[in-house]
Amino acid sequence: MMMDKVILGDNQFFAVNHLSDERSRQQAIRFKENQAIIDVLDIAIDCGVNTFMCTTHDRIASICDHVRKNPEKYKDFKFHPCMPYAHKYANAVTELGIIGTLKAYIPGNILSVASKAGIAYMRKDFPSLMELLVDAEMKMFAGTKTPVIFLQNVITDMLMGLGMRELLVHFAEYVKKKYNADAGFITMNMPHLVDLCEEEGIKNPVICSSINKIGFRMSPSIEKYEEYLRSDKEFRPIAMQCLAAGALGAQEAMEYVCQFPKIESVLFGASSRAHIQQNYDLINSLLRP
Amino acid sequence: MIKVAIIGLGKMGMSHCAILGGHPDVEVVAMCDTDSLLQSAFKKLTHIACYTDYKLMIDETKPDAVFVVTPTRLHYEMTMYAMEKGCHVFCEKPFSLTLEEGYQMVALAKVKNLVNQVGYVNRYFGTFNEMKRLLATGIIGTPFHFFGENYGPVVLKKKGGTWRSKKVAGGGCLMDYAAHILDLVTYITGQTITGCRGTFMPSIFSSEVEDAVYSTLELENGLRGQLAVNWSDPVHRKATTSLKIEGDKGKLEADTTTLKIFLNEANEAEGLEKGWNVKYITELTPQVYFNLRGEEFSQEDFHFIECIKNGDTKGNRCTFEEAMKTDSIIHKLINDNQ
């Protein structure tokens, strides 16, 4: 099934701003309460947006609770979970080490042979350990719609760089089997990843990457991106960072992105009604009109 | 192809390994780590040869270059061994635990004519490089004060388990976090930090090491400024680094995303207006072939590889010798705190 053309992201809620640390702090203050996030989601739904792409940040759990409690209101609402919330693990690895982090985040006792976790750990069965981590991250979404489940770029690109391709393949197979979801991969290196998926037999993957007029965060080059977006290679692109972290105006940014009909969805972050409506209208009218 | 081996596969080691794996002219031939989980992960999932003895790894795989990404107290023996065997060395920061060891490494790199680099990644951010360039043009006149800050949420609870919380291993906020700002001040001003006063380093959660570092620093040209670093700051989602420099004609304020320029008068040559001007990372960031966690980390590694390819053993942006400037002031800060 095709994804929605327009997807709302969550960076604005969690003080992620690629252009300004100061703006990050302002966002952290505005979205201190979960209700402030829910209010923006409701505005987005009102504007026509029905897919919310979010990291598996602890605070998303309470958003999921709210959605579960109001099934009628959110009957068309879909989450695109992106895992893991990398800073949680990065900070944990610094503080606890790798084993300490696994102990902290894998459900069950990894040192007990009586659990799936323990057996997987003892056998150094990495695909199984990955399944456990995926399950831990997915727990908060139980009972909501999650048609596509994403690996964050830092993990996708790390596994790609290390040559641990088997885990990318296994992720795709596992989310299909366990969650009946399509696998999505966020990456800073879209052309490299498209090639990898082709070589490893990951069929028609959802690939979310920066796509913008000024070539920001598009490795190895904007030319290579454009070549792949015009090719008949089998992948389902989602464009993110279309505004290049705010360096481009909405109109010119969306005109650039929407010239590629291959792009299935456009992801953007915004927290005011005016911005959400403007982006929604632009994408809806410009992308495969 | 340039053959690279990596010693130490912690967070930074993994990062280097993956970035180098994405470089078209690099082959990561071997890794060395004593952790059994990592050993099996690399054995099962990659084509990289796995070792637990770094000497054996270097002897058997004969790499062109070695990345030393271990706790600081191990840098000396590993770096010296690799250079003795003729390998170019990239060593993570902070460089050495004692000055004597540091100077020996500088000397050997020179004798052997090897590319040598230390991992101060701030030197590769577009915003900081633009700040350095503008400062050198004299755009803010004569600087009279700077303020370097680094905050992050590394240690937020009592008790911590890794080497970063152990003084003898080279842990602590001073070595781990403050070192970045000390290096950045050195890099951007082109001046060695020669002294410090009024240093205090409180422990907030850690029992063995300091969690914050505050001091007044003095540069060789007499410029003074403050250092404020805290790795137990829950306000920040990730490490936040910034430097401000004030002069009699304006000021420069840079962090990793933005460079703000305030000028008392417009500067036509630079196309900058009177008052505030802002330059963003989007216009200051060159594209990289493979991006793992920001262009700066790729550029840092790729710069090292470029130096090797070009046989350039002197033009490195962060040589061992440069890093010794930071090691030297670290020791002065420790003394001043006592």
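How many residues of chain B are in contact with chain A, and how many residues of chain A do they meet? In this predicted model, 46 residues of chain B are in contact with 52 residues of chain A, contact being defined as heavy atoms within 4.5 Å. Local features were considered at pLDDT of at least 70 and side-chain atom pairs at pLDDT 80 or more, whereas totals for chains, interfaces and linings use all residues. Residues are numbered from 1 along each chain as its sequence is written, chains are lettered from A in the order in which they are written, and side-chain values use heavy atoms, with hydrogens and water left out.

The size of an interface is often given as the accessible area lost when the parts come together. Chain B and chain A bury about 3,900 Å² between them, 60% of it on carbon and sulfur atoms; buried area is the accessible area (1.4 Å probe) that two parts lose on being put together, summed over both. On the side of chain B, the residues that lose the most area to chain A are L37(B), L45(B) and R237(B), together 20% of what that side buries.

The interface of chain B and chain A contains 1 salt bridge, a term that denotes a side-chain nitrogen of Lys or Arg within 4 Å of a carboxyl oxygen of Asp or Glu. R217(A) and E295(B) meet through their side chains in a salt bridge (2.8 Å, N to O). At least two residues of the side of chain B that touches chain A come from each of α1 (11-21), α2 (36-45), β13 (258-263) and α8 (281-284) of chain B. Of the elements of chain B, α2(B) gives the most to this side, with 8 residues. Helices (H or I, at least four residues) and strands (E, at least two) are DSSP runs, numbered from the N terminus.

Chain B contains an open sheet of 6 strands in the order β3-β2-β1-β4-β5-β6, with parallel pairing; two strands pair if DSSP finds at least two bridges between them. Because β3 (49-51) and β6 (116-118) of chain B stand at the edges with a single partner strand each, one side of each is left without a neighbour in the sheet. Strands β1 (residues 2-7) and β2 (residues 26-32) of chain B pair in the parallel sense over 6 bridges, and A5(B) stands opposite A30(B) in β2(B).

An open sheet of 8 strands in chain B has mixed pairing and the order β8-β9-β10-β7-β11-β12-β13-β14. Its edge strands, β8 (193-200) and β14 (275-280) of chain B, each pair on one side only. β13(B) and β14(B) run antiparallel and are joined by 6 bridges, with F262(B) opposite W276(B) in β14(B).

Over all chains, the whole structure holds 27 salt bridges. One of them links D46(A) with R273(A), whose closest N and O atoms are 3.0 Å apart. Since D46(A) lies in helix α2 (residues 34-47) and R273(A) in helix α12 (residues 273-286) of chain A, the pair ties together parts that are 227 residues apart in sequence.
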